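This briefing concerns domain organisation and helix packing in the structure shown below. Please read it alongside the sequence.

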Amino acid sequence: STYSLAVVGGDGIGPDVTQAALAGVQAAAHRYGFTVRTTIFDLGAERFLRTGMVIDENTISELREHDAILLGAVGDPRVAPGVLEQGLIVALRVAFAQSVNIRPVRLYPGIESPVRGVTPENCDLVVIRENTEGLYTGGGSLAHAGSGNAVAIQNSISTAAATSEAVDFAFQLAQARRRRVTLCHKTNILLHAGQLWQETVDRIAERYPDVEHDYVHADAMCQHLPLDPGRFDVVVTDNLFGDIISDLGATVQGGLGLAASANFNPRGSAPSMYEPVHGSAPDIAGKGWANPAAAALSAALCLAGLGEREAALSLETAVASVLAELPAFAGPEMGSDTAGLGHRIAERVSIVDP
Ligand code: NAI
Ligand code: MG
């Protein structure tokens with residue numbers, strides 16, 4: 001089969017890590033006998049500075065024609081914060097109904113977690129974050145801005161529809177893993193949204209009698225996740241809590257250079273989008289130091305999303321095997337280069353036993 005992949009390298013280290021990840025994708029396609037056709041999209045800071053437009057309807061329609069989107073990162077010191085992040089990434093998540101954000105938190109062998117006691121054996125969970133609603137819908141107002149009487153209202157919206165998609169995905173995933181779903185919220189304070197989430201979990205749980213479920217408050221999660229990651233299998237949560245606890249998860253698993261994510265459309269009505277958790281890292285952009293592992297692991301999620309499970313596993317295994325050989329990871333002290341690691345990953349894809 002042939003897949004069409006839209007490639008949005010974006011800004012800073014984005015294009016470099018995406019290029020390295022694509023080397024792994026093409027190696028996996030070659031090994032497992034399918035074809036990946038890529039279309040490069042010029043989106044991000046340069047395009048915005050040149051045209052004054054982040055993205056237009058035409059480009060959104062072109063992206064929609066693809067089977068999946070591989071994204072590097074956007075964000076540039078010359079552009080006001082949020083213009084690209086909100087205007088491109090959040091906009092695409094909503095436009096393509098990518099209601100499920102998948103963020104695996106896994107410590108790979110050879111990587112040292114900054115948290116004592118975290119090992120590859122006890123650190124293998126997945127955060128499922130509702131990706132289109134909550135506090136991220138952008139609605140609200142700021143009255144008397146800049147004055148001592150300023151009042152900001154930031155609306156949070158939760159619908160049974162999107163919440164159910166995230167929760168149902170979490171249960172499905174748990175069924176194929178260790179069969180435990182943990183709802184993470186703040187039901188004791190955020191009473192309305194909390195009730196909707198808890199009722200959604202209780203209702204959907206009835207369809208998955210072989211999957212256990214429990215509940216942990218978001219603040220307590222910040223203690224349990226680093227100190228006892230082994231108690232979690234699949235954690236399902238809302239947009240804001242998910243953003244925060246998955247960054248915490250990224251730290252536990254060894255850093256942003258290793259954290260992958262998928263913005264998944266569970267209905268298949270539009271393409272899903274795969275991206276590393278990290279941003280454009282302007283501090284190291286252009287130096288060739290960026291770790292491409294997070295982008296390559298995101299590309300593995302992409303292959304899984306396309307239904308190429310074996311290829312996905314071989315790419316993930318190849319990344320893990322290359323990581324295990326590195327003296328240290330992430331950042332300049334790694335002393336390795338982005339493209340070089342991409343080649344090593346690609347080479348390894350053709351020989352690893354997934
Ligand atoms: P960042 O993730 O870009 O960088 C944080 C720190 O981690 C930096 O010191 C950076 O050098 C390091 N780092 C990140 N990825 C790395 C990698 N692959 N290898 C080695 N080191 C790595 O976050 P920051 O600095 O807060 O944001 C920079 C820009 O990126 C901002 O404009 C921000 O808005 C944007 N951003 C975009 C995201 C996206 O495209 N989804 C996500 C997060 C931030
Ligand atoms: Mg974040």
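In this predicted model, helix 1 (residues 14-32) packs against helix 11 at an angle of about 15 degrees, with the two axes 8 Å apart. Helix 1 is therefore roughly parallel to helix 11, where angles under 35 degrees count as roughly parallel, over 145 as roughly antiparallel, 65 to 115 as roughly perpendicular and the rest as oblique. Axes are lines fitted to C-alpha atoms, for helices over the stretch in contact, and angles run from 0 to 180 degrees between N-to-C directions. Helices (H or I, at least four residues) and strands (E, at least two) are DSSP runs, numbered from the N terminus.

**Conventions and confidence**

- Residues are numbered from 1 along each chain as its sequence is written, while chains are lettered from A and ligands numbered from 1 in the order in which they are written.
- As the model is a prediction, local features need pLDDT of at least 70 and side-chain atom pairs count only at pLDDT 80 or more, whereas totals for chains, interfaces and linings use all residues.
- The protein chain has a mean pLDDT of 94, with 97% of its residues at 70 or more; pLDDT is the predictor's confidence in each residue, from 0 to 100.
- For the complex, the predictor reports an ipTM of 0.97 and a pTM of 0.94.

**Helix 1 with helix 11**

- Helix 1 and helix 11 cross in a right-handed sense; a crossing is left-handed if the near helix is turned anticlockwise from the far one by less than a right angle, and right-handed if clockwise.
- Helix 1 contributes D16, V17, Q19, A20, A23, G24, A27, A28 and R31 to the contact, and helix 11 contributes T338, A339, L341, G342, H343, I345, A346 and V349; residues are in contact if their C-beta atoms, placed from the backbone, lie within 7 Å.
- This contact of helix 1 with helix 11 comprises 10 nonpolar, five polar and two charged residues (Ala, Val, Leu, Ile, Met, Phe, Trp, Tyr, Cys and Pro count as nonpolar, Asp, Glu, Lys and Arg as charged, and the others, Gly among them, as polar).

**Helix 10 with helix 11**

- Helix 10 (residues 309-323) and helix 11 (residues 338-349) have axes that come within 8 Å and cross at roughly 125 degrees, so the two helices are oblique to each other.
- Their crossing is right-handed.
- On helix 10, S314, L315, A318, V319, S321 and V322 meet L341, R344, I345, R348 and V349 of helix 11.
- Seven nonpolar, two polar and two charged residues make up the contact of helix 10 with helix 11.

**Helix 7 with helix 8**

- Helix 7 (residues 218-227) packs with helix 8 (residues 239-252) at about 15 degrees, their axes lying 10 Å apart, and helix 7 is therefore roughly parallel to helix 8.
- The crossing of helix 7 and helix 8 is right-handed.
- A218, M221, C222, L225 and P226 of helix 7 form the contact with F241, I245, L248, G249 and V252 of helix 8.
- The contact of helix 7 with helix 8 has nine nonpolar residues, one polar residue and no charged residues.

**Domains**

- The protein chain divides into domain 1 (1-100 + 254-354) and domain 2 (112-252), with bounds from an automatic or database domain assignment.
- The centres of domain 1 and domain 2, taken over C-alpha atoms, are separated by 24 Å.
- Domain 1 supplies 13 residues to the contact and domain 2 supplies 14 residues.
- Helix 4 (residues 83-95) provides three residues, the largest share of the side of domain 1 that touches domain 2.

Notes
Contact = placed C-beta atoms within 7 Å.
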